[in-house]
Protein chains: 2
Amino acid sequence: MGILTKPAIVRPQYRITQDEMVDVLQRLHPNHPDWSKINRMIRNTQVNERYIVRPIEEIIAHSRFEERSLIYKEEMRRLSVQAVEQALENAELEAFQIDLIIVTSCTGFMMPSLTAYLISDLPFREQTKQLPIAQLGCAAGASAINRAAEYCEAFPGANVLIVSAELCSLCFQPAESAISDFVSAALFGDSVSACVMKSTSGTGFQVESNASYLIKHTENYIAYDVKDTGFHFVLDKQVMYTIETVAPVMREFVEETVQRAPSDLDFFVFHTGGRRILDELVKHLGIAEQRVALSRESLAECGNLSSVVVFDVLARLFEAGTRSPGDKGLLAAFGPGFTAEMCAGTWVE
Amino acid sequence: MGILTKPAIVRPQYRITQDEMVDVLQRLHPNHPDWSKINRMIRNTQVNERYIVRPIEEIIAHSRFEERSLIYKEEMRRLSVQAVEQALENAELEAFQIDLIIVTSCTGFMMPSLTAYLISDLPFREQTKQLPIAQLGCAAGASAINRAAEYCEAFPGANVLIVSAELCSLCFQPAESAISDFVSAALFGDSVSACVMKSTSGTGFQVESNASYLIKHTENYIAYDVKDTGFHFVLDKQVMYTIETVAPVMREFVEETVQRAPSDLDFFVFHTGGRRILDELVKHLGIAEQRVALSRESLAECGNLSSVVVFDVLARLFEAGTRSPGDKGLLAAFGPGFTAEMCAGTWVE
């Protein structure tokens with residue numbers, strides 16, 4: 001049973017407010033017939049600002065997939081090294097004490113994976129195992145946590161480092177003009193997180209059970225079209241109705257593994273797929289609005305950080321300092337498939 | 001401790017001999033100054049023929065990354081469903097008895113991952129866990145086996161399905177003309193495998209220990225350049241000297257976990273990176289040439305199948321019918337990083 005220690009979050013250096021983004025999008029598509037609807041939908045995201053890895057003018061110029069892939073690789077290495085050093089410090093561990101490195105990132109592609117670069121760039125042992133996960137999108141952070149917990153179960157005493165790194169702005173496609181493209185352009189942000197799961201002792205979220213659920217035949221709800229210009233994000237509005245389907249699964253999971261109703265849990269770490277996803281979770285799990293405040297805060301301040309979100313929200317939970325040993329919580333993320341990935345556990349100190 | 005049951009291998013319908021491939025390459029680059037050297041190196045691969053997913057004329061025309069990505073997705077689904085049905089039959093299991101699906105593939109990109117499509121396309125449970133691995137290249141098959149074995153350790157009684165699917169021909173870049181590009185064009189083949197790891201009973205290779213080793217600062221030995229035209233495979237000839245470095249690690253791993261010298265093991269399942277890699281393994285591990293006969297046979301008949309190789313060789317081991325319960329063996333694969341991924345265990349019936 002692994003314990004997630006305090007995640008380290010690294011923000012890229014550039015910042016864009018939602019007002020600035022609306023200006024940029026209007027400049028790119030001045031004659032779009034649906035601007036009033038788009039404007040309303042962008043305001044509805046409840047995203048105030050985001051961090052991006054390159055100046056917005058460079059992002060919208062789209063320097064071709066080849067150059068973006070080089071920027072992706074360079075920034076992935078640079079930002080993740082900073083996050084990893086801080087995460088190791090948070091966990092009071094040295095690099096050589098890490099047994100497995102899991103990396104999640106779906107916003108670019110590199111081979112070798114970042115796992116190999118990290119082992120070379122920092123004093124990790126050559127024997128450190130590598131698990132890069134590129135294709136689980138926004139569910140990947142939760143999935144990495146679940147695989148890490150299973151690794152700690154298989155090897156008691158093991159320590160797992162999870163690095164989630166998403167540079168969503170490098171997937172911005174300036175020529176796309178469906179309404180859902182504008183919403184995506186106003187929703188996703190860039191950040192990198194690193195988080196150590198320890199299996200012996202530590203302060204944090206002890207993961208005790210996990211589950212995954214795929215709604216069959218919903219592959220088109222969240223997907224990439226892979227083109228010469230890179231990954232094009234495709235979002236079907238049907239995704240808004242998925243939580244209604246997975247909430248009973250989440251409820252059953254909590255009741256079976258924590259022996260409580262979701263409404264009686266002490267904390268939640270939810271992926272911020274968007275405002276509507278959080279609204280639906282509150283409604284269908286019957287939980288108090290205040291319980292998702294940190295997820296809403298993360299969404300407003302950084303946008304949807306894809307696989308990084310669960311770590312961003314978990315970091316805010318640590319910062320808030322409101323948890324007590326024995327508190328029970330649920331962590332969940334949602335991504336392509338459509339897949340819900342979840343785990344439950346206890347706050348330990 | 002999971003048991004790898006008999007893998008199912010599915011070959012795409014098109015076939016090309018090495019003579020035909022040399023003709024194609026000469027037609028593409030008639031004035032290349034190094035043809036005599038290239039010709040000699042291609043003969044040295046000891047690949048006789050390969051299976052490819054599309055007719056060679058279509059492959060060399062390179063229909064753009066976008067169209068190749070659509071072919072990749074379509075063929076991945078079509079071929080893997082066939083492989084999975086056969087693998088389940090080999091393992092005497094039904095789809096609903098599978099707890100985790102691991103997919104390895106580095107020769108295209110799709111999101112949702114093939115794991116999601118498989119769960120939708122076949123009668124898997126919605127709760128089946130998904131682990132797609134895209135960035136470990138030729139080492140991914142062995143890596144999947146190791147992660148599957150750890151999963152069986154964490155959840156005794158679990159069954160894991162591993163699907164490895166590589167359509168290397170969809171990464172063929174007709175404009176590339178470095179000598180290493182010609183060697184790659186003559187080396188890699190297409191195939192799909194599916195293999196069930198059972199943790200309770202079964203006939204096959206019981207995985208009892210595993211290890212991974214990365215040679216630091218060798219990221220450039222095996223890599224992709226990600227361009228508008230897709231993934232461009234880059235191979236540094238330094239890779240030929242890596243086995244000399246990792247063989248002592250493999251030796252120590254075998255001695256510690258099996259309490260035998262590598263030369264005293266009963267069987268080997270080696271990745272067929274190329275003729276030279278197999279020569280080096282024989283030399284530096286001090287094993288009998290005959291022990292790698294199945295890897296050489298796989299290389300000659302299908303080329304290097306990337307992450308599929310270890311399953312192709314394992315399937316040949318089952319077909320050969322020469323194993324007895326209690327036999328000890330080593331499985332190893334090598335990929336970008338430079339990473340060696342290995343496991344050791346016992347043949348059980």
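**Exercise 1. How much area do chain B and chain A bury between them, and which residues of chain B lose the most area to chain A?**

Solution. Chain B and chain A bury about 5300 Å² between them, with 61% of it on carbon and sulfur atoms. On the chain B side, the residues that lose the most area to chain A are B:F109, B:M111 and B:Q135, together 16% of what that side buries. Next, look at the residue counts: 53 residues of chain B are in contact with 53 residues of chain A. Keep in mind that this is a predicted model.

**Exercise 2. Into which domains is chain A divided, and how many residues does each bring to the contact?**

Solution. Start with the bounds: domain 1 of chain A covers 3–198, and domain 2 covers 204–348. Their centres, taken over C-alpha atoms, are 17 Å apart. The contact takes 56 residues from domain 1 and 48 residues from domain 2. Finally, the area buried between these two domains is about 3900 Å², and carbon and sulfur atoms give 62% of that.

**Exercise 3. At what angle do helix α8 and helix α9 of chain A pack, and which residues make the contact?**

Solution. Helix α8 (residues 242–258) and helix α9 (residues 275–285) of chain A pack at about 50°, with their axes 9 Å apart. That angle makes α8(A) oblique to α9(A). For the handedness, α8(A) passes α9(A) in a right-handed crossing. Now list the residues: α8(A) uses A:I243, A:E244, A:A247, A:M250 and A:R251, while α9(A) uses A:I277, A:E280, A:L281, A:H284 and A:L285.

Conventions: Residues are numbered from 1 along each chain as its sequence is written. Chains are lettered from A and ligands numbered from 1 in the order in which they are written. This is a predicted model: local features need pLDDT of at least 70, side-chain atom pairs count only at pLDDT 80 or more; totals for chains, interfaces and linings use all residues. Side-chain values use heavy atoms; hydrogens and water are left out. Axes are lines fitted to C-alpha atoms, for helices over the stretch in contact, and angles run from 0 to 180 degrees between N-to-C directions. Helices (H or I, at least four residues) and strands (E, at least two) are DSSP runs, numbered from the N terminus. Angles under 35 degrees count as roughly parallel, over 145 as roughly antiparallel, 65 to 115 as roughly perpendicular and the rest as oblique. A crossing is left-handed if the near helix is turned anticlockwise from the far one by less than a right angle, and right-handed if clockwise. Contact means heavy atoms within 4.5 Å. Domain bounds come from an automatic or database domain assignment. Buried area is the accessible area (1.4 Å probe) that two parts lose on being put together, summed over both.
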